[in-house]
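Here is my notebook for today. I looked things up one at a time and wrote down what I found.

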Amino acid sequence: MEAVTRRHLEEALCGEALASLRYALFADRAAAEGRQDVADLFREIGEEERREHFREIAELLGLARTTVENLEMALAGEVTEHRRLYPQYAGEARRVGDDAIAEQFIELGDDEHRHADRLRGALAATETLTGVALVV
Ligand SMILES: [Fe+2]
Ligand SMILES: [Fe+2]
């Protein structure tokens, strides 16, 4: 695959992911405003973005690999978020006086830390299982 095509697929992947999540949020809002018809519309389209468009593009990019590789990739992302990105974002928000948002970044970082711990646990369990399988 040419680099330009890969870049466009990666951009499309992000667009489909964001559309799906955005429509879930919009559906909740429409339901809260009593517009169940619009809520259903957003949910239906959002599901298609996720189940069809995102998946098809992800398949072309080879996004999902083996479970061990997926655990490792997810763990790396969560670790980057909780050790580097969110602390950096919090620090910069605080520096410019956005203190409440800085606190939110700290909370997000704490959640990502928990996500990382859980993924690390699943990875360790997988390695144990693999070890058992090898012994047997
Ligand atoms: Fe789409
Ligand atoms: Fe996370």
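Is Arg 120 buried, partly exposed or exposed? I found Arg 120 partly exposed, with a relative accessible area of 34%; buried means under 20%, exposed over 50%, and partly exposed in between (1.4 Å probe, protein chains only).

A note on my source: this is a predicted model, where local features need pLDDT of at least 70, side-chain atom pairs count only at pLDDT 80 or more, and totals for chains, interfaces and linings use all residues. Residues are numbered from 1 along each chain as its sequence is written, chains are lettered from A and ligands numbered from 1 in the order in which they are written, and side-chain values use heavy atoms, with hydrogens and water left out.

Next I looked up the partner of Arg 120. Its side chain meets that of Asp 117 in a salt bridge, 2.9 Å from N to O (a side-chain nitrogen of Lys or Arg within 4 Å of a carboxyl oxygen of Asp or Glu). Both residues lie in helix 4 (residues 99-135), three residues apart, about one turn of the helix; helices are DSSP runs of H or I, at least four residues, numbered from the N terminus. Asp 117 is partly exposed too, at 39% relative accessibility.

Then I turned to another bridge. Arg 43 pairs with Asp 28, with the closest N and O atoms 3.2 Å apart. Arg 43 is in helix 2 and Asp 28 in helix 1, so this pair ties together parts 15 residues apart in sequence.

Last, I counted: the structure holds 10 salt bridges.

Technical notes
Helix = DSSP H or I, 4+ residues; strand = E, 2+ residues; numbered from the N terminus.
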